[in-house]
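Thanks for coming, everyone. I have a few minutes and one structure to walk through. Please have a look at it first.

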Amino acid sequence: MYRLDQRDREVFGLPADICYVLSFERAERHLLDIRIEVATRGEPFLEFVLPSWTPGSYKVREFITDFTLEGVLDEQGRPLEVEWRAKNRFRIRCDGTQKVYLKAVYFGNERSVRTTHVDRWQAFIMPSNCLPYVEGRLWEPHHVVLEYDPARWRRVTTPLAPVDYGFPPRLGALTYDILADSPIQLGNHRVYPFTLGQRLHEVAILADEPVDEQWIVRATEHIVRMTWAFWDGELPYDRYVFFFHIAPDILGGLEHARSSVIGVEPAALRELSGVHRFLRLICHEFFHTWNGKRIRPEGLGPFDYSQEHYTPLLWLVEGITSYYEMLLPYWCGFFTQQELLVHLGLEVQQLSHVPGRFYLSVRDSSFLAWVKLYGRSPDGPNRFPSYYLKGGLIAWLADAWILQQTQGKRRLQHGLQELWRWAQNHPERGISEEEVLEALEAGTGVQLRGVLMEWLTERGELPYEEVLPALGLQLRWNTATLEERLLGERFVFGRIPASRFTGLTLREEPGGLIVERVEEFSPAARAGIAVGDELVALNGIRLRTRAQWEALLGMSDGELELTAASNGRLYTTTITPEPSRQVRLELQAEEGTPQARLCRAWLERPLPEFVPADALDTLPVSLWSPWELEPRLPLL
Ligand SMILES: [Zn+2]
C-alpha cells in the first residue's frame with residue numbers, strides 16, 4: 001500500500017530485497033558512486049526508472065541527464081543485457097539470476113535545496129534525483145548503505161530509519177516513496193536535538209560561515225511548538241529533521257514528510273528583513289508537514305515520477321501555507337503587530353506589480369505550475385500570477401470572510417483542522433477539490449465555496465475593500481513625494497528625490513545597465529523598451545549605475561528622452577515615469593467595536609490546553625535578536 005510516513009521502530013531489523021550502496025571515493029569531483037542490488041524473485045526482466053521530478057517542486061527536471069549506468073552483472077559476475085525503453089527507463093534481462101547488480105554514477109553539482117550535491121566537504125543526497133526505482137516494486141522496503149570514511153565525515157543525518165547500528169550505516173524505508181522523500185546529509189555539519197511532544201527533532205546545520213546556531217535552534221523549537229498548537233492533536237511523526245544549508249547563492253525550501261530543507265545566505269541572517277524571510281521560510285516548510293505532505297491533492301502521492309501530474313489545488317498547498325508563514329512568526333512573537341501588517345501590505349503591493357493576474361486565474365496558475373512558475377521567464381509575471389502570492393492573499397481574505405460570517409467564532413484554521421481530520425482518515429489517497437471545499441465548510445460552518453471559487457477563478461483584482469474593513473483593516477495607497485532633509489535642526493540642505501515608477505527592473509553590468517524585466521502596462525512597456533536592452537543615456541546624460549538612474553528620474557518631470565541599445569544597435573525613445581505608489585495596511589478599529597472584536601479574534605494565538613501556556617510566552621532572545629516578544633495582542 002502507498003505510504004509516505006514511517007516510524008523508526010517499524011524499520012529497525014527489517015530486511016529488503018532492493019538495496020542501494022552509495023560510496024564517495026570521487027566526491028571531490030561531485031561524483032556519487034551507486035551500486036544497486038535487487039533480488040529478481042524469478043522475474044525474467046526488471047525495469048528501472050529514474051524520476052523526472054522531485055515532489056514539492058513541480059517541474060520536470062530530467063535528472064537522468066546526470067545519471068550514467070556503467071554496467072549490470074549477475075551473481076556470477078557476468079554482464080547482463082540492458083535495453084533502454086525511454087529516456088529515463090531501462091530494462092534488464094535477468095537470465096535466471098537470483099540477484100542483479102547495477103553500477104552507476106551520478107554527477108551531483110547543483111547546490112539547491114532539491115538537488116543532490118556532493119563535494120570534498122559534504123554530500124547532500126536527494127534520492128529522487130539519483131536512485132532509480134524498480135517498476136512495480138515501489139511499495140516494498142528499500143535499504144541504503146553508506147560507505148564513507150568516518151575519519152573524513154563524522155556525521156550522517158537523515159529521516160531514513162536505521163536498520164541496525166553497525167558500520168557502514170544501513171538505512172531503511174518502507175517504500176520507495178519514503179526513500180525518495182528522505183534526504184541524506186553526510187559531512188561535518190552540527191546536529192542539535194530537542195524533544196517536544198515526545199517527538200525527537202534534529203536541527204542539522206551546514207554553514208559556510210559562522211552563524212548563531214543556538215539561536216536558529218531556539219527559533220525552530222518555538223516554531224514547532226506554535227505550529228503544533230495550530231493544528232491541534234499529536235505531532236504526526238516520531239522524528240523530524242530540519243536541514244539548514246547556510247551558504248551564498250542559496251535561498252529556498254523544500255518540504256518532506258519527516259524533514260525539510262531550508263537554504264539561506266549567511267548575509268541574510270545579519271539584517272532584519274533577511275531574518276524575517278528566514279523565519280517565514282522555516283514556518284512555511286514546517287507547515288507543509290500537515291498541509292502539503294499529509295493533506296495533499298490527488299496525484300501528489302501516490303506519485304507518477306515520470307511525468308507531470310496536474311492539479312488546480314496548489315492554492316491550498318502553497319497559497320494557504322504562504323498566508324500562515326506570516327501569521328505564525330507573529331504568533332511566535334518574532335514579528336510585532338505592525339510588522340505583520342507591513343508583511344501583508346507588501347504582498348498586496350507585490351501582486352499589484354503582477355499584470356499576469358489579469359490573464360490567468362490562481363486555479364489555472366496552479367494547473368500550469370509545471371511550465372510556468374518554475375520557468376522563471378522574465379516575462380512571467382506579466383502573464384500569470386503566482387499561486388503562492390495571490391493564493392496567500394486569497395487565504396487571508398477567506399480567513400477574514402469566515403471571521404465576519406461567524407462573528408469571530410470560527411476562522412480558516414478550523415477549516416484546516418477539519419481537512420487534517422479528513423487526511424488522517426484517508427492516508428492512502430489525495431484529496432479532491434470538492435472534498436477540500438466540503439471540509440472547509442464543515443470545519444468553519446460557513447458557506448465558503450461561492451466566494452472562494454470566485455476568487456480562485458477570477459482574473460483581476462481581489463476585493464480587499466469589501467472584505468478587510470470588517471476587521472478594521474484598510475489599505476492606503478500613497479504616492480511617494482519629495483522628502484526634505486534637514487542639516488542641523490532648521491537648515492534644509494536638500495530634497496530627496498521622490499521615487500518614480502517606470503516598470504523597469506535593471507541589472508548593473510560592467511558595460512552598463514541591462515533591462516531584466518519590463519512590467520506590462522507600465523511607462524517602460526509603452527516606450528517599447530525590451531528585456532535584454534541596455535540603457536545608455538537619459539536626456540543626454542550617460543547612464544552608469546542604478547542609483548544614478550533612480551536619482552535622474554527623481555529630479556526630472558514629464559517626458560524624458562532615453563537612448564538605449566537593442567541587439568547592438570542604438571535607438572531613441574521617450575518615457576514618462578509615473579509617481580511611485582505604495583500601499584500601507586492600517587488597523588483602525590475603536591476598542592469595543594465589532595471591528596475590534598473581529599480583529600482580536602483574527603490575531604489571537606492558537607492556545608490549546610496541551611501546550612503549556614508558559615512555554616508560548618518565553619521566547620529565548622539571543623544577543624543580536626532583532627525582535628522583542630509581544631506577549632499579548634494590544635489593539636491600537
Ligand atoms: Zn511551499
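This is a predicted model: local features need pLDDT of at least 70, side-chain atom pairs count only at pLDDT 80 or more; totals for chains, interfaces and linings use all residues.

Start with strands S3 and S6. S3 covers residues 45-49, and S6 covers residues 89-93. They pair in the antiparallel sense, over 5 bridges.

S3 and S6 belong to an open sheet of 4 strands. Which order do the strands take? It is S5-S6-S3-S10, and the pairing is antiparallel. The edge strands are S5, residues 82-86, and S10, residues 133-134. Each of these edge strands pairs on one side only.

Arg 41 lies in it, between strand S2 (31-39) and S3. Phi of Arg 41 is near 55°, which is positive, and this residue is not a glycine. Is Arg 41 buried or exposed? Exposed: 11 other C-beta atoms lie within 10 Å.

Now the layout. The protein is divided into four parts: domain 1 (8-188), domain 2 (189-289), domain 3 (301-477 + 594-605) and domain 4 (483-579). How far apart are the C-alpha centres of domain 1 and domain 2? They lie 26 Å apart. Their contact takes 18 residues from domain 1 and 23 residues from domain 2. On the domain 1 side, the elements that give two or more residues are strand S12 (155-157) and strand S15 (184-187). That side of domain 1 divides into 3 nonpolar, 10 polar and 5 charged residues.

Stay with S15. Both of its faces are covered. Ile 184 and Leu 186 are buried on one side, and Gln 185 and Gly 187 are buried on the other.

Who pairs with S15? One partner is strand S9, residues 123-125, antiparallel over 3 bridges. There, Ala 123 stands opposite Leu 186. S12 also joins S15 by 3 bridges, and these two run antiparallel. Thr 157 stands opposite Gln 185.

Next, strand S20, residues 259-264. How many of its residues are buried? 6 of the 6, so S20 is largely enclosed by the rest of the structure. Ser 259, Val 261 and Gly 263 are buried on one side. Ser 260, Ile 262 and Val 264 are buried on the other.

S20 pairs in both senses. With strand S18, residues 239-246, the pairing is parallel, over 6 bridges. His 245 stands opposite Gly 263 there. With strand S19, residues 252-255, there are 4 bridges, and the strands run antiparallel. Gly 253 stands opposite Ile 262. S19 and S20 form a hairpin, with 3 residues between them.

On to a helix. H11 runs over residues 412-425, which is 14 residues. What span should we expect? At 1.5 Å a residue, H11 should span 20 Å, and its end C-alpha atoms are 20 Å apart, so the two agree. Which residues of H11 are buried? Leu 412, Gly 415, Leu 416, Leu 419, Trp 420 and Ala 423. They cover an arc of only 145° around the axis, which puts them on the same side of H11. The spacing follows a general rule: an α-helix has 3.6 residues a turn, so residues three or four places apart point the same way. What do these buried residues pack against? Three helices: H4 (213-231), H10 (389-405) and H12 (433-444).

Last, some backbone details. The peptide bond from Phe 167 to Pro 168 is cis, with omega near 0°. Pro 168 lies in the loop between strand S13 (161-162) and strand S14 (170-173). The bond from Gly 301 to Pro 302 is cis too, with omega near -5°. Pro 302 is in the loop between helix H5 (272-287) and helix H6 (314-332).

Asn 567 lies in the loop between strand S29 (560-566) and strand S30 (569-575). Asn 567 is exposed, with 8 other C-beta atoms within 10 Å.

That's my tour. Over to you.

Definitions and conventions. Residues are numbered from 1 along each chain as its sequence is written. The expected span of a helix is 1.5 Å times one less than its number of residues. A residue is buried if 20 or more other C-beta atoms lie within 10 Å of its own, exposed if 12 or fewer, and partly exposed in between; C-beta atoms are placed from the backbone. The arc is that of the directions from the helix axis to the C-beta atoms. Two residues are in contact if their C-beta atoms, placed from the backbone, lie within 7 Å. Domain bounds come from an automatic or database domain assignment. Ala, Val, Leu, Ile, Met, Phe, Trp, Tyr, Cys and Pro count as nonpolar, Asp, Glu, Lys and Arg as charged, and the others, Gly among them, as polar. Two strands pair if DSSP finds at least two bridges between them.
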